[in-house]
Amino acid sequence: MFLTFLIFGLVALVGMVGLHRRGSPYRPSSQGGTWLKPARSMSVAFLAVTTAASLFLAMGTAQALIVPTIDLGTSADFSVLGGTTVTNSGGSVLAGSVGVSPGTAITGFPPGTAATIQAGTQEAANAQAALTAAYLDALNRPLNETVTADLTGLTLVGGVYAGPDKSPLSLPGTLTLDGEGNPNSVFIFQTNSTLITGPGSTVSLINGAQPCNVFWQVGSSATLDTGSTFVGNILALTSISVADSVTVQGRALARNGAVTLLNDTFTQVGCDLTLATTTTTTSTTTTATDATTTTEAGAATTATTTPTSLPFTGQNSIGMFVAAMVALALGIGVLCMSHGVATEPD
C-alpha cells in the first residue's frame, strides 16, 4: 500500500514540477506583468492526472491476478492416499476415499470409515499418477516470498511461500491465510524437508480463503500432532503421520511411503463455486504460460499453468483508492492554477 501511495505521489509531483519549470503562471510582459494561461502547464497537469488514473486502474488489475491452482486430478477423490501402506487406529472418519498404490495394505477400516477403500486398485494407481503430477507442479512454482520456517503468527495472502532455503516448516501455533475477499486465492507452501505441526495448532482461513486452494509440497514427510486443526492438501514425497484427534480440512497424499491415522477426521474440501459468482460484466484476460518443470529420477514432465485475471474485488483497494484520490486532488489543483488569470500590481 505504501509503495502504491508513493507512486501516485511521485506522478503528481512530476506534474507540479513540470508546471513550475515549463510554464510558470507568471510571465513578465510589456504590458506590466500579466498572469497568463500557460498551455504547456495545462498539458503537464493533464498528463499527471491521466497517468495517475491509469496507474490506479492498471495496479487494480494486477492485484486481481492470482496464483493458478494445483490440479489434483483423480487424487482429489481421496482423503488419504499412501504409497506403501495406510494404517488406521480408532474411529477415523474420511469424507473421501482411502487408497494405496503400488502397495496393497490398508488396515483399520473398519473401525475407520471412508467413502471407498482402494487397496492396490487401478483407481489408486491412477490417483498416484495424478499426485505425482500435482507434486511436481507445486515443487516447480516460482517462489513469491520467503517466510520464517516457523509459520506461527503469520498472516499471508495468496502466493507461493517457503522458509529460508526451503528449510523444514513448523507450526506450533496459528497460521492465518487471508483470501482478501477472493475465493480463488491460492496458497502454496514448499519445503525440501519436513512439515511438522504442534499439539493444538491451527490453520485459520479468513476473508474467503478456501481449503481446496491450500497446498503443502513436502520434500520428505509430514507430521500433524495431537489435536491439530489443519487446512489444505499435503503432497508428501515420503510419508504422513496424523496423530490423535486431528481435524483435516483437506487431504493427506503420500507418494512413496505410508500414511498413519489415529481417531482423525477428514472433511471434504471441494471448492465452493458459489463464492466465486460475480455480477460484473467487466471482461477478463487469461494468459497461458508453459513451463518445463524440474523432474525426479530423469522423468520428463511439462506442466502448463494458466494465471487467471479476476474482477477487482475492492477488498484490498483502500490504500490504492486513497492514493489515487490524493494524486487526483493534486492534479486538479495544478489544473486550477493553470487556469487562473490575474494581474500583478505594478
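Trainee: Why is Gln118 called buried?

Mentor: Its relative accessible area is 14%, and buried means under 20%, so Gln118 qualifies. Residues that Gln118 touches include Phe78, Val98, Ile106 and Ala124.

Trainee: What makes the link between the side chains of Gln118 and Thr121 a polar contact?

Mentor: The distance is 2.8 Å, and the cut-off for such a pair of N or O atoms is within 3.5 Å. The side chains of Gln118 and Thr116 are joined by a polar contact too, at 3.3 Å.

Trainee: How do you know that strand 19 and strand 21 pair?

Mentor: Pairing takes at least two bridges, and 3 bridges join strand 19 (residues 222-224) to strand 21 (residues 240-244), so they count as paired, and they run parallel. Within that pair, Ala222 faces Ile240 of strand 21.

Trainee: What makes strand 8 and strand 13 edges of the sheet?

Mentor: The sheet is open, with 7 strands in the order 8-5-23-21-19-16-13 and parallel pairing. Strand 8 (105-107) and strand 13 (169-171) each have a single partner strand, so one side of each lacks a neighbour in the sheet.

Trainee: Where does pLDDT stay under 50?

Mentor: One such stretch is residues 277-322, and residues 341-346 are also below 50. Where pLDDT is low, the predicted coordinates should not be read in detail.

Terms used:
Residues numbered from 1 in each chain as written. Predicted model: local features only at pLDDT ≥ 70, side-chain atom pairs only at ≥ 80, totals over all residues. Heavy atoms only, no water. Buried < 20%, exposed > 50% of the residue type's maximum accessible area, 1.4 Å probe, protein only. Polar contact = N/O pair within 3.5 Å; in protein donor to acceptor, adjacent residues only side chain to side chain. Contact = heavy atoms within 4.5 Å. pLDDT = per-residue confidence, 0-100. Helix = DSSP H or I, 4+ residues; strand = E, 2+ residues; numbered from the N terminus. Lists of a residue's contacts leave out its neighbours within four places in sequence.
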